[in-house]
Amino acid sequence: MSNQSTEITLAQAYNLMEEGNLAQARPILYDAIEFDLDNKELHFAYWCCNFWIPHLDTESLLSNLDKGNRILARWIEFSETLEEEDKNKASPSKIRPQSHPRAVYATKHGVFSLALASFKAVESTLIDDQTVTIAQKSDVLSKIGICYKELGEYDSALEYLKIKANALSPNSAAIYAEMADCFALSGEEKQAKLFFREAFFLDAQKIELAFLESQLIRAVIEQAKTKGGAKGALLEWIPVYGELTHVFNIKHELRLQEVGKLQQDIYARENELKDPSNSPQILVPKLINMYFRLIDHYERSTDASAAQKSQECQLQIRSHDEDIYNIYTANKSLTQK
């Protein structure tokens, strides 16, 4: 098969995949592989179809709500699998997702189109149903927003995330993170930085990284991965590195009530850390992020003791992680010059 014929076949398959017809795309790719065995893109596109088709075939037996939820859950598995394949140089499957962005895009467009159709099918009945909780309604609206975002329809995504879902569930870490990602993808960097910072402070554990795709946050995530550890710990290190890399540099001034609560939360977390049954992997980065937030407040304050309190916070950071303390103080020295 000539290169031109392979490109025609791939274009045909990708059109079907983008429409969510992966089952129709698979035999086209299979036949093409027979005549072009060494074409890695054909193999990868075929692998994508194989990954999804068994899952999508069973979706016809589910309700629209379950169908949408299953597709989003499967996307998380798909994303994590691609990430592992990219990292594993010795992978016997020789899958290199980063080398085949067209296949990933076609797959993403197809499966999120299917998920969107499922969630939209239940939207009107769900929203008007008085037996459905506000949290459940907000969850569906936010997932519609996520689907629109993944499909590149950012105005529609923000309508569902910022206006609809956020109105029902204000101060939701998950919704804030998706809003921030949408702002970043739309070029509204200042809004993105503010909402990312707030999202990871509110509850980092509620944020799903597989749905965050803007370069703004992906760069911070890669930095945070240098700390190692499980996914739960990574989520807590992201705001720490967001501060260190100056990505989370758009901040709102804390009210006195917020300062008091922050101080109480720090005290509680420090006591939790003293208990050997509690894991420091999550508590340490969470505490460091809290101290960063408190330091920011003290640096804005005109109180005579603010400088001393800021220094005390920095020493607490040092006691928990000297490497982070050194990077943080070195950065401060540079910005003060």
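Which helices each supply at least two residues of the lining of the largest cavity? I found helix H11 (231-244) and helix H13 (280-300); helices are DSSP runs of H or I with at least four residues, numbered from the N terminus.

A note on the source: this is a predicted model, where local features need pLDDT of at least 70, side-chain atom pairs count only at pLDDT 80 or more, and totals for chains, interfaces and linings use all residues. Residues are numbered from 1 along each chain as its sequence is written, and side-chain values use heavy atoms, leaving out hydrogens and water.

**Entry: the cavity**

I looked up cavities (on a 1 Å grid over the protein atoms alone, sets of points where a 1.4 Å probe fits but cannot get out). The structure holds one of 30 Å³ or more. The largest cavity has a volume of about 60 Å³, counted as the space filled by probe spheres set on the points. Its lining residues, with an atom within 4 Å of a point, are Arg197, Pro239, Glu243, Phe248, Asn289, Phe292 and Arg293. H13 gives the most, with three residues.

**Entry: H9 and H13**

Next I checked how helix H9 (residues 189-203) packs on H13: the angle is about 125 degrees, with the axes 10 Å apart. I fitted axes to C-alpha atoms over the stretch in contact, with angles from 0 to 180 degrees between N-to-C directions. In contact (heavy atoms within 4.5 Å), Arg197, Glu198, Phe200 and Phe201 of H9 meet Asn289, Met290, Arg293 and Asp296 of H13.

Definitions and conventions:
1 Å grid on protein atoms, 1.4 Å probe; cavity = no way out; pocket = protein on both sides within 12 Å on 5 of 7 lines; lining within 4 Å.
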